[in-house]
Amino acid sequence: MVAISPVAHKLLNYVPFLLVLIDLRYEGVNGGKDGGVENHLEMGKKLLAAGQLADALSHFHAAVDGDLKNYMAYYRRATVYLAMGKSKSALPDLSKVIELKPDFTSARLQRGNLLLKHGKLDEAERDLKKVTCVWDADSREMRAECFVQLGEMGKAISDLKAASKLKSDNTQAFYKLSTIYYNLGDHEMSLNEVRECLKLDPDHKQCFSHYKQVKKLNKQIQAAEELIQQQMYSDAVSKYESVMKTEPNVPQFILNAKERMCHCLSKDQQTAKAISVCSEVLKADPPNVNALKDRAEAYLQDDQYEEAIKDFESAKEHSENDRQIKEGLERAQRLIKQSQKRDYYKILGVKRTAQKKEILKAYRKLAQQWHPDNFQDAEEKKKAEKKFIDIAQAKEVLTDPEMRSKFDQGEDPMDPESQQGGGHHHHHFHGGWENFQGFNPFGSGPFNFKFNFN
């Protein structure tokens, strides 16, 4: 059994009385030629009006048996079944009426209502589509309810917007629109629609209660987005955590919040957390392009180049003209090639997210450890000299913002072959260890690196 809107309940509650009234329209209509059948129909109708349902049902049974082609006999028997609360028994009779008289609108409307009540949504939609009048607000709302149950929210929104215009004081249509947008995770549209409801009736309890919730959520989300614009990513993450606490029961708001947290954590270079949160988003929404891009960037920060390439390629499948994806994929491919040659981060044993202070600390430790003067054996000294030069080059690249940026894009500033254009001056060490004689890795004293320039 599915949930039924207040509009649907209202119509269903009045079905028996509605059908009795409709019967008056067919007074004198002869659905068959048998006078006995007509007598049973007339007597049954009087008994129904008097509330003697069992006796009325007996007469309508006799009318059906007397003329199997008499659609009014089936229709009135359905009326009694509905008055007795036997909707399952009424359905076959209403279907028979429609079979005998396809243009019997009232029978089709009632069958559509019953099908909706019993959760047969596709069948209900077909009936309600055939009888819905484009100018009737109530029928529009009824069909919208059917669309909601079917998960076709766009169609439901369209019908409810029409219903809100067809009836000047239709607060219920605005309230329903607001709740649909809310469940879709669209806080701004939800706020707009509930405000329209309150313009019509400032004391509307449902709308006012919903308005307070949406307004609070909207304020938190706007504050979080402002923090992102200011690049205050950690604060933005905290604000989106508050959003999830404010609305823990709507999956789309949780997903939207986690998607933005994924972005913030990736930008803030909180690599492990970024990968974890982005993965949660992608588990719920695999084609989420934003989460794929942000997780790819986090993978690059963690030197997981192959995983980054997979994410960029997946994102490209869903958004092939996205320039950011194309550039990210090219960068990841350069970095994986670079990692197979010389990786200055690995040489110093620091992460890609390391600050200059961490880089210098690692450099000094390694420079002291691999200073060639510490080795007496010729082979070991030769190995130390090479290692020492690598350490010095790594320090030069990673402490120079311009060279480090190029290296992070997949270029090696110390390797002319990897440069993407000419006309640049690049630092290079020449002549091996002899240019490092007397060097003090801690930067004190008169000793300095000797650089040659191309």
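The model itself is predicted.

Residues 71–104 are 79% helix and 0% strand, with the end C-alpha atoms 9 Å apart. For residues 171–204, the chain is likewise 79% helix and 0% strand, and the end C-alpha atoms lie 8 Å from each other.

Next, the packing. In soluble globular proteins, nonpolar side chains tend to be buried together. The largest nonpolar core in this model has 65 residues, and the members that touch the most others are Tyr240, Leu300 and Phe312. Leaving aside residues up to four places away in sequence, Phe312 is in contact with Lys293, Ala296, Glu297, Leu300, Ile325, Gly328, Leu329 and Ala332. Another core, of 33 residues, lies apart from the largest one; Leu47, Leu57, Leu82 and Ala124 are among its members.

Finally, a charged residue. Asp294 sits in helix α17, which spans residues 289–301. What is the nearest side chain of opposite charge to Asp294, and how far away is it? It is Arg260, at 6.0 Å. A salt bridge needs a nitrogen–oxygen distance within 4 Å, and Asp294, although buried, has none. The side chain of Asp294 does make a polar contact of 3.2 Å with that of His263. Beyond four places in sequence, Asp294 touches Cys262, His263, Ser266 and Cys278.

Note on methods: Residues numbered from 1 in each chain as written. Predicted model: local features only at pLDDT ≥ 70, side-chain atom pairs only at ≥ 80, totals over all residues. Heavy atoms only, no water. Core = buried A, V, L, I, M, F, W, Y, C linked by side-chain atoms within 4.5 Å. Buried < 20%, exposed > 50% of the residue type's maximum accessible area, 1.4 Å probe, protein only. Contact = heavy atoms within 4.5 Å. Helix = DSSP H or I, 4+ residues; strand = E, 2+ residues; numbered from the N terminus. Lys, Arg positive; Asp, Glu negative; His and termini not counted. Polar contact = N/O pair within 3.5 Å; in protein donor to acceptor, adjacent residues only side chain to side chain.
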